[in-house]
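Please read this report with the model open beside the text, and follow each named part in turn.

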Amino acid sequence: MISLEDKVAVVTGSAQGLGNGIAEKLASLNAHVILSDINSERLEIAVSELKEKEYSVDSFVANVANRDEAKNLIQNSIETQGKLDILVNNAGINRDAMIHKMSPEQWDSVIEVNLTGVFNCLQPAANHMKDRESGRIINISSASWQGNIGQGNYAAAKAGVVGLSKTTSRELAKFNVTCNAICPGFIETDMTRGIPDKVWDKMVSKIPMGRAGKPEDVANYIAFLASDQASYVTGEVINVGGGFIL
Ligand code: NAD
């Protein structure tokens, strides 16, 4: 049985979707979880819902693409809780377009949130974990990192997350800090719910397990990676997608 008793975790982009499922899972295993998001209203609702379940949670509004806000999120968590054990870099957006039609704004915004945003949180957390010689960093990449039509910006950012995760794992292994990348397949969240039924059915038809994933399918694996039981797992790129591979 996994326990995260006495662990402090930060989950970015956790006002809804996958991040919210991850935050709830970690809290259910007795971690103290700081939920963070750019959407303050949605974040307050999410935190209230978890408090109603008597989980130990706090909120911190931050745009991960803003270096100072990301740094404040990590520093504030360390100052108020005395330490940070687990960082889940989950915040992400998509602005899909074929490469020949992609606007500079579509490119820049996805790289800034999905790649630079991960670095902005990871760096101050990694420095703290290195000093403490203990920590878990889990970065949410995507099955799309290997290339997906209409997602040149998203795939580039998510491939960047894989490279950043592997480098971090090598640099911090001797300090007992692990870093892994999770690549969800097709998960039912607000990010995917808006897509047309026809595209939805086509995506699901490509999943050997015959269904879209749920946030808890991914959260369960992250709970393991965050736990003491995964102390010898680092630098891995793990698909969680019911067998889905692009
Ligand atoms: P979602 O849109 O439902 O939730 C994303 C959350 O991130 C939102 O609460 C949003 O407000 C927040 N966010 C966006 N920009 C932010 C910023 N700059 N700073 C802080 N928070 C910000 O999406 P989701 O499906 O839950 O996706 C979560 C992560 O999983 C993303 O990194 C996404 O790329 C990845 N992912 C999702 C799927 C899927 O099928 N849903 C598949 C692979 C990977």
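In this predicted model, 7 strands form an open sheet with parallel pairing, and their order across the sheet is S3-S2-S1-S4-S5-S6-S7. Strand S3 (57-61) and strand S7 (237-240) stand at the edges and have a single partner strand each, so one side of each is left without a neighbour in the sheet. From one strand to the next, the twist averages 20°.

Helix H4 (residues 104-132) packs on it and touches strand S1 (8-12), strand S4 (86-89), strand S5 (135-140) and S6, while the direction of H4 makes about 170° with that of S4. Helix H2 (residues 40-52) lies across strand S2 (32-37) and S3, and H2 runs at about 175° to S3.

Leaving aside neighbours within four places in sequence, Ser141 is in contact with several residues, including Lys158, Val161, Ala181 and Cys183.

Rolling a probe the size of a water molecule over the atoms shows where empty space is left. The table sets out the spaces described here.

| Space | Volume | Lining by class |
|---|---|---|
| Largest pocket | About 1,200 Å³ | 21 nonpolar, 20 polar and 8 charged residues |
| Second largest pocket | About 150 Å³ | 5 nonpolar, 4 polar and 2 charged residues |
| Largest cavity | About 30 Å³ | 4 nonpolar, 2 polar and no charged residues |

The largest pocket is lined by 49 residues, and Asn94, Tyr154, Thr189, Met191 and Thr192 are those that lie nearest its centre. Helix H1 (17-28), S2, H5, helix H6 (190-193) and helix H7 (197-205) each supply at least two residues of this lining.

For the second largest pocket, H4 and H5 each supply at least two lining residues, and H4 gives the most, with 6 residues. Among the residues that line this pocket are Phe119, Leu122, Thr167 and Glu171.

The structure holds 1 cavity of 30 Å³ or more.

Conventions:
Residues numbered from 1 in each chain as written. Predicted model: local features only at pLDDT ≥ 70, side-chain atom pairs only at ≥ 80, totals over all residues. Heavy atoms only, no water. Pairing = 2+ DSSP bridges. Helix = DSSP H or I, 4+ residues; strand = E, 2+ residues; numbered from the N terminus. Axes fitted to C-alpha atoms, helices over the stretch in contact; angles between N-to-C directions. Contact = heavy atoms within 4.5 Å. 1 Å grid on protein atoms, 1.4 Å probe; cavity = no way out; pocket = protein on both sides within 12 Å on 5 of 7 lines; lining within 4 Å. Points joined across faces, edges and corners; volume = space filled by probe spheres on them. Nonpolar A, V, L, I, M, F, W, Y, C, P; charged D, E, K, R; others polar.
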